[in-house]
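Some terms in a structural description rest on a cut-off or a count. The questions below ask what stands behind them.

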Amino acid sequence: MKRMMIAACVMCAMTGASVPAMGQPSKDELKVQFKNRDGELRDLKKSGTVGETVDGYVEAVDAASDATVANLVKAENADRRTLYQILADEINAENPKAPVKATMETVAIRNAARNVEKAGGDEYLRVGKGHWIRVKDFPRFQKVTKLKTQGKVGETPTGLLEIVKDADRSDAAVSGVVDEENKARTAEFAAVAQREGTDVSAIVRRMADRNAANARIGDMVKDSGGSWKKK
Amino acid sequence: MIQRIPRFGGPKALMATIGIGIVGMGCTHTIKVEPIKVEPIDITLHIYLEADEKLDAFFGDLEETASAGSVGGRSGGGSNMGATGEVK
């Protein structure tokens, strides 16, 4: 029996087929598990309880979700992780001379892009730590991210986005994105404050802190003294 | 009769030599053969395409079944979050 197992593994290795690690489900088993979970997961996404993340996994939108949701998310992510690794191994086995190897993360990111494409506009997408947006707002988020990467805009203590250099203020493409983003943010600050029965300034502070914390290395962030600093 | 054989020398010859030198320098052809570079972005793109194909093949059946079974696809649903990402 042991000999047969070894022979099977050798055959798989020779044909390039992926061999699941000990205790890990095979691709077929994963497919069944994804299918069994699909309906429930779909409903949770529609109800806004669960959302996709930009790194290819799912997460409960409200961290204090019930145990059933938490378990479903955990099981889904464990299976996704296994699948990503299997697919990365397959790609590497099929392209042994490729100078860049596929990784679990590469496959995960591609699946994230796929899921965003297929998601409904009102479903949620986690774009940063504690930062969820609706899928329909993702194109605007991408524009803002691009401008941040270019150093043209940055986060400020007011919770709003601001143009960094005066020279860029006359650029309609930049100011248009900033205006649209800030309009949406301002409306949301007021809505959250009303819902929580708190002052808008408290929400602004919370959002500003989150945005500054989530800023990537190289992004411009304005400090409380009004100076721009590169993170 | 003694024929005067033109001599090559003097300032005219010097000028001509410098002129030929300058023209000669200008006519030097250097053929540089650049090594063929495979840009990392192409390699990454190739891996992305491979990953997309694998994912499509894996999830294809599942998505077809789901879209056939659901009315209105995956869109819609209630919203408990706004533009800032703040959860209600």
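Q: Which residues in helix 4 of chain A are called buried, and what makes a residue buried?
A: In this predicted model, the buried residues of helix 4 of chain A are A:Thr106, A:Val107, A:Ala108, A:Arg110, A:Asn111 and A:Asn115.

Q: How do you know what span is expected of helix 4 of chain A?
A: The expected span is 1.5 Å times one less than the number of residues. Helix 4 (residues 104-118) has 15 residues, so 21 Å is expected. From its first C-alpha to its last, helix 4 reaches 21 Å, close to that expectation.

Q: What makes strand 6 and strand 8 of chain A stand at the edges of the sheet?
A: The open sheet has 4 strands in the order 6-5-7-8, with mixed pairing. Strand 6 (161-163) and strand 8 (228-230) each have a single partner strand, so one side of each is left without a neighbour in the sheet.

Q: Why do strand 5 and strand 6 of chain A count as a pair?
A: Two strands pair if at least two bridges are found between them. Strand 5 (residues 153-155) and strand 6 have 3 bridges, so they pair, in the antiparallel sense. A:Glu155 stands opposite A:Leu161 in strand 6.

Q: Where are the two domains of chain A, and how many residues does each give to the contact?
A: Domain 1 covers 25-128 and domain 2 covers 136-230. Domain 1 gives 6 residues to the contact and domain 2 gives 4. Strand 3 (residues 124-128) gives the most to the domain 1 side, with 3 residues.

Technical notes: Residues numbered from 1 in each chain as written. Chains lettered and ligands numbered in written order. Predicted model: local features only at pLDDT ≥ 70, side-chain atom pairs only at ≥ 80, totals over all residues. Domains from an automatic or database assignment. Contact = placed C-beta atoms within 7 Å. Helix = DSSP H or I, 4+ residues; strand = E, 2+ residues; numbered from the N terminus. Buried ≥ 20, exposed ≤ 12 C-beta atoms within 10 Å, placed from the backbone.
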